[in-house]
Amino acid sequence: FAFAYAGHPLSRRRWLALSVVPAASLLLVWTNAHHHTMLVDTHLEEAAGFVMRRSGSGPLWWVFLAYAYICLITTSTTYATMWLRSSGLYRRQAAALLLGLLIPLIANFVFQFSETTFIDATPMAYFVTMLAWTWALTRERLLVSAPLAIDTLLEMMEEFVLVLDSRGVICEANRCAREVLGRSSFVGRTPNQVLSGRHPELDAY
């Protein structure tokens with residue numbers, strides 16, 4: 001999703017290649033009782049007043065974890081790049097996506113590598129993900145107004161350009177348009193609301 005959102009969708013061949021490790025890891029977990037390469041020494045343990053099921057990590061678990069972290073860090077970098085390069089609506093979308101991904105990632109990293117943390121907070125951290133991504137979907141029109149890698153093209157254009165979403169409201173403007181409109185709030189408004197009477201030279205458009 002991250003690459004498609006950034007305007008660089010993966011080919012089917014790459015999708016299949018990226019699916020090999022997760023599919024193999026899932027199969028190994030299902031059959032772990034026969035080889036113990038994913039989880040070892042499964043037992044019940046009491047900590048912080050709770051009785052929990054704990055397992056040690058087998059050799060192939062670390063392979064899967066490294067692969068998962070690489071994918072998540074790459075995705076986070078993609079969202080961070082979108083956040084730095086975008087403005088307005090797309091910047092808020094990227095911020096919500098990045099926040100929703102980083103919080104569970106940090107929680108899981110702490111659990112995996114901290115010797116004093118006994119409770120995995122990753123599932124609870126996904127509550128933040130739910131809030132951030134729901135906000136992006138319902139308030140920032142994620143999936144309705146996606147950047148599609150046009151930000152660079154827009155910034156290079158010397159003409160006045162406003163980008164409208166499917167409802168006919170402004171969701172982005174290039175550098176020339178921002179200079180003409182100044183610092184007035186125009187995202188989420190219609191072109192008539194922004195231009196009428198204020199910029200006579202643009203009324204014809």
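**A hairpin and its surroundings**

Tutor: In the hairpin of strand 3 and strand 4, which has 5 residues between the strands, Gly168 takes a positive phi near 85°. Before we go on, please keep in mind that this is a predicted model, in which local features need pLDDT of at least 70 and side-chain atom pairs count only at pLDDT 80 or more, while totals for chains, interfaces and linings use all residues. Residues are numbered from 1 along each chain as its sequence is written, and side-chain values use heavy atoms, with hydrogens and water left out.

Student: What counts as a strand or a helix here?

Tutor: Both are DSSP runs numbered from the N terminus, where a helix is H or I with at least four residues and a strand is E with at least two.

Student: In which sense do strand 3 and strand 4 pair?

Tutor: Strand 3 (residues 162–164) and strand 4 (residues 170–173) pair in the antiparallel sense, over 3 bridges; two strands count as paired if DSSP finds at least two bridges between them. Within this pairing, Val163 stands opposite Glu172 in strand 4.

Student: Zooming out, how many helices and strands does the protein have?

Tutor: The protein has 9 helices and 4 strands, and along the sequence they follow the pattern α-α-α-β-β-α-α-α-α-β-β-α-α.

Student: And what share of the residues is buried?

Tutor: Buried residues make up 31% of the 205 residues in the protein. Here buried means under 20% relative accessible area, exposed means over 50%, and partly exposed is in between, with a 1.4 Å probe and protein chains only.

Student: New topic: how many aromatic pairs are there?

Tutor: The count comes to 5 aromatic pairs. Rings of Phe, Tyr and Trp (its six-membered ring) pair if their centres lie within 6.5 Å, and planes under 30 degrees apart count as stacked, over 60 as edge-to-face and the rest as tilted. One of the pairs is formed by Trp61 and Phe64, which is tilted, with 5.6 Å centre to centre and 45° between the planes.

Student: How far apart are Trp61 and Phe64 along helix 4?

Tutor: Trp61 and Phe64 are separated by about one helical turn, because they are 3 residues apart in helix 4 (residues 59–85). Phe64 counts as partly exposed, since its relative accessible area is 23%.

Student: Which pair links distant parts of the chain?

Tutor: Tyr69 and Phe113 form a tilted aromatic pair, with 6.4 Å centre to centre and 45° between the planes. This pair links distant parts of the chain, as Tyr69 is in helix 4 and Phe113 is in helix 5 (residues 88–113), 44 residues apart.

Student: Are those two buried or exposed, or something in between?

Tutor: Tyr69 is buried, with a relative accessible area of 12%, whereas Phe113 is partly exposed at 44%. Tyr69 and Phe113 also belong to one aromatic cluster, together with Trp62 and Phe109.

Student: What about Asn108, where is that?

Tutor: Asn108 is found in helix 5, and it counts as buried because its relative accessibility is 15%. Asn108 and Asp120 are 12 residues apart in sequence and 6.8 Å apart in space, C-alpha to C-alpha.

Student: Back to phi, which residue other than glycine has a positive value?

Tutor: His36 is one of them, with a phi near 55°. His36 lies in the loop between helix 3 (32–35) and strand 1 (39–47), and it is partly exposed, with a relative accessible area of 44%.

Student: Last one: where is Asn192, and is it buried or exposed?

Tutor: Asn192 is found in helix 9 (residues 191–195), and it is exposed, with a relative accessible area of 63%. Asn192 and Val169 are 23 residues apart in sequence and 9.6 Å apart in space, C-alpha to C-alpha.
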